[in-house]
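Subject: Structure for you to look at

Hi there,

Here is the structure I promised to send over. My notes on it follow below.

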Amino acid sequence: MDCKYLLDIGLIILFVKIFSMITGKIHMPKMLGGLVAGVVLGPAVFNIIQSNTILEFLSNLGIIFIMFLAGMETSLKKFMEGSKKFVIIATIGVIIPLIFGFLFSKCYTLDNSLNLFFGVVITATSVSITVESLMEMKKLKTNVGTAILGAGVVDDIIGVIFLSFLLNNGDLSILGIVVLILKIVLFFGIAIVLRSCYVSFYGMARSKTSSKRRTTYIFSCFCTFAFLYC
């Protein structure tokens with residue numbers, strides 16, 4: 001059995017800790033230290049660690065954990081109240097990168113499909129990194145934090161629709177777009193219902209069970225949402 005992944009995980013933890021301490025000392029988000037550690041250890045610099053199945057699984061699990069924790073700490077009421085603002089911010093955040101990405105790519109190639117693809121790709125936001133930074137700065141529950149998170153979610157939804165259209169060579173029918181939007185709406189609908197059920201369930205269990213058992217309930221909630229996400 002190849003156990004090299006254990007060394008890789010150890011190096012990742014060590015370097016992330018070192019670079020996070022450095023970025024913390026200069027009053028920058030510790031998440032930045034993790035990104036720098038990834039660049040240093042990855043193919044871009046020293047190529048010490050290569051991607052493999054186990055690391056990809058752990059990285060995906062980590063992203064789901066971060067987003068799940070962010071969802072638990074986000075006020076659904078505040079999120080819904082600012083939905084119009086989120087749509088406006090996200091729309092601007094998609095249109096501007098899309099236009100400039102398209103024009104920039106056009107300087108190198110005349111293939112409009114490729115230019116449009118490049119523009120769509122750079123519209124995507126890294127919500128997990130944003131969430132981790134906001135949580136570290138204790139700004140996630142503020143109006144600004146909620147706006148950033150909401151705009152990022154809407155931005156990604158619009159990006160997924162555009163990307164689906166391009167990956168189908170522009171042949172995605174109106175029916176296909178409607179089905180895609182319905183899937184997104186269904187996902188959020190189920191997520192909201194499950195969230196309400198789990199919040200009520202956790203509230204009842206909190207006063208009647210030990211901390212270890214409450215942790216089990218929270219983890220089961222996480223697994224349900226992770227399955228829904230996949």
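H6 supplies the largest share of the nonpolar patch, four residues. This is a predicted model, in which local features need pLDDT of at least 70 and side-chain atom pairs count only at pLDDT 80 or more, while totals for chains, interfaces and linings use all residues. Residues are numbered from 1 along each chain as its sequence is written, and side-chain values use heavy atoms, with hydrogens and water left out.

The patch covers about 860 Å² of surface and is made by Phe 104, Tyr 108, Leu 114, Phe 117, Phe 118, Val 121, Ile 122, Leu 163 and Leu 167. Areas are Shrake-Rupley values with a 1.4 Å probe, and for residues only the protein chains shown count as cover. At least two patch residues each come from helix H6 (112-121) and helix H8 (143-167); helices are DSSP runs (H or I, at least four residues), numbered from the N terminus.

Phe 104 sits in helix H5 (residues 83-106). With a relative accessible area of 46%, Phe 104 is partly exposed, a class between buried (under 20%) and exposed (over 50%). The buried residues of H5 include Phe 86, Ala 90 and Val 94.

Over in helix H1 (residues 4-25) lies Leu 11. Leu 11 touches Leu 41, Ile 48 and Ile 49, leaving aside residues up to four places away in sequence; contact means heavy atoms within 4.5 Å.

Best wishes

How values were computed. Patches are made of residues with over 30% relative accessible area and no salt bridge: like charges are joined within 9 Å, nonpolar side chains (Val, Leu, Ile, Met, Phe, Trp, Tyr) within 5 Å. A salt bridge is a side-chain nitrogen of Lys or Arg within 4 Å of a carboxyl oxygen of Asp or Glu. Buried means under 20% relative accessible area, exposed over 50%, partly exposed in between (1.4 Å probe, protein chains only).
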